Every structure is written in structure tokens, then in C-alpha cells.
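Please look through the sequence and the structure before reading on.

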Amino acid sequence: MVQLSTSVCLLGGFLGLCLIEPILTSLTPSSMCTPLRTLNDSLSHRRRYMKHYFPFNYTIRVHQREVFRLSNISRMRSKVKGVEDLLLQRLWFQVNQGVLKKIIRVMPERHPSRPYTAELERRFRDAEGVFVQSHPAEVFQQELPETIQDIWDYLTEEPDRVPESSWRLASPKSLLDNLCQTMFCLFSGCFTGEEAQQNYCGVSHWKKGRKKDLRPES
Ligand SMILES: *[C@@H]1O[C@H](CO)[C@@H](O)[C@H](O)[C@H]1NC(C)=O
Ligand SMILES: *[C@@H]1O[C@H](CO)[C@@H](O)[C@H](O)[C@H]1NC(C)=O
Ligand SMILES: *[C@@H]1O[C@H](CO)[C@@H](O)[C@H](O)[C@H]1NC(C)=O
């Protein structure tokens with residue numbers, strides 16, 4: 001995909017059409033779709049592995065910034081100057097890499113959800129690999145807007161230097177719900193199909209779904 005957009009740019013360069021390039025790189029490259037859909041297949045089993053196999057009301061300690069929901073995305077889109085989707089996608093990978101690590105860390109070796117979570121993390125890392133490959137390296141060296149840089153710094157802070165007030169308790173299931181919903185929103189180009197009309201970034205879309213979510217499961 002990089003190749004494609006670069007060659008489009010080179011070709012376009014002769015014709016003075018190089019402007020097209022930034023537009024191309026801000027869209028979700030189609031090479032991302034396969035690994036993300038594979039990740040979604042795993043995520044569709046999250047209720048069982050992240051809820052049923054954990055004690056009732058089980059929560060883990062995460063950094064406040066690791067609670068990354070649709071509301072954060074809409075807030076950042078409206079408040080942070082120069083925030084493009086590509087930046088939010090990078091943030092999504094950064095946040096959720098930490099989330100998955102924390103979930104795995106609380107599970108003993110023989111926990112029934114461990115193979116599932118390890119697989120999930122593998123698939124997540126595959127998607128991240130493709131993400132990095134499908135954008136020119138300079139994209140990742142760009143300076144971040146201050147607000148995003150702050151979040152980044154918090155996320156990469158040594159755990160023992162994080163003040164007590166910055167920790168939050170969250171259930172593994174809710175963390176994966178966030179991961180999943182924000183993925184549909186930020187990479188919506190890969191999740192259209194039959195539900196093409198859905199606006200995955202709309203919080204109300206998910207609120208509607210929540211009632212269904214509360215129904216007892218067989
Ligand atoms: C995610 O995967 C599940 C199970 O394979 C599927 O039913 C669902 O439609 C997928 N979601 C999207 C948005 O493609
Ligand atoms: C689980 O949490 C709910 C709401 O906070 C509480 O009402 C309930 O008693 C808790 N259940 C257990 C078993 O701790
Ligand atoms: C998302 O918003 C909540 C408050 O609603 C905040 O605590 C959290 O840190 C935000 N997450 C990020 C990644 O900024």
C-alpha cells in the first residue's frame with residue numbers, strides 16, 4: 001500500500017498531482033482490513049472469555065488514559081487542533097497494547113481465558129505491524145499535538161511513577177468493549193458491508209446495543 005501511494009505520488013508528481021498523497025495516507029489502507037477483521041472475529045467471543053471466566057464484578061487496575069472510548073474520540077476531534085484519524089489510530093494502538101498486556105498479566109498460567117487473550121494479542125500485534133508498514137516512516141516521526149503528546153507520555157510512564165489518583169478500575173470486558181467500539185469507529189473503512197449505514201463513531205449507536213447486551217446469556 002505504501003508502494004501504491006508512493007508510486008501514485010511519483011506518477012502524479014509529473015502531472016503536478018502530488019497533493020493527492022496526504023489524502024491517501026489519512027484513509028485506512030485496505031491492507032489493514034484483513035488483520036482488523038481477524039481481530040474482530042476474536043473480539044466477538046469477548047463476553048465469554050472476559051466475563052464468564054472471571055469472578056463476578058472483577059476489575060483490573062489501568063491507567064486513567066487507558067480508558068479510551070468513543071466519547072474521547074469525539075471530544076478530541078472537536079477540541080484538538082490538527083488531530084487526524086491517523087493520529088487517533090496510532091493512539092488506539094498505543095492505548096490498547098497496554099490494555100491487553102495488563103489483562104494478560106492478571107491471569108495465572110492456567111486461566112481458561114489465557115490462550116484466547118494470547119491469541120487476541122497476537123492478532124492485535126499483526127494488525128499493528130501492517131499499520132506501521134502501510135504508512136511512510138515519517139508519519140511516525142511527526143511531532144504530535146501537545147494534548148496527544150501528553151497522553152502518550154502518561155501511557156509510557158513507569159507504573160511506579162504514576163500517581164495513585166491516575167489509576168482506574170475497569171472490568172476486562174469493558175476494556176475490550178472500548179477497544180472494539182473505537183476500532184469500528186477509527187477504521188470504519190474496514191467495517192462497512194451490510195451495516196454500511198451504521199455510524200460506528202456515534203455513541204448512541206452503541207447505547208442502543210447495550211440493552212441487548214444486558215440480556216442474560218444462555
Ligand atoms: C465482527 O465479527 C463478528 C463475528 O465474526 C461479526 O458478526 C460482526 O459483523 C463483525 N463486525 C463488523 C462490524 O464487521
Ligand atoms: C457487583 O456490582 C454491583 C454494582 O456495583 C453490586 O450491586 C453487586 O452487589 C456486586 N456483586 C458482587 C457479587 O460483588
Ligand atoms: C477519556 O475520557 C476520560 C474521561 O471521560 C478520561 O478519564 C480518559 O483519560 C480519556 N482517555 C484518553 C485516552 O484521553
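This is a predicted model: local features need pLDDT of at least 70, side-chain atom pairs count only at pLDDT 80 or more; totals for chains, interfaces and linings use all residues.

Residues are numbered from 1 along each chain as its sequence is written, and side-chain values use heavy atoms, with hydrogens and water left out.

Student: How many aromatic pairs are there?
Tutor: Rings of Phe, Tyr and Trp (its six-membered ring) pair if their centres lie within 6.5 Å; planes under 30 degrees apart count as stacked, over 60 as edge-to-face and the rest as tilted. By that rule the count of aromatic pairs is 13.

Student: What kind of pair do F93 and F124 form?
Tutor: The F93 and F124 rings are 5.4 Å apart, centre to centre. With 55 degrees between the planes, the pair is tilted.

Student: Are F93 and F124 buried or exposed?
Tutor: Buried means under 20% relative accessible area, exposed over 50%, and partly exposed in between (1.4 Å probe, protein chains only). By these cut-offs, both F93 and F124 are buried.

Student: Why is the pair of F131 and F187 edge-to-face?
Tutor: The ring centres of F131 and F187 are 6.4 Å apart. Their planes stand at 85 degrees, so the pair is edge-to-face.

Student: Which ring does the charged end of R61 sit over?
Tutor: A charge sits over a ring if NZ of Lys or CZ of Arg is within 6 Å of the ring centre and within 35 degrees of the ring normal. The charged end of R61 lies 4.4 Å from the centre of the ring it sits over, which belongs to W167.

Definitions and conventions. Chains are lettered from A and ligands numbered from 1 in the order in which they are written.
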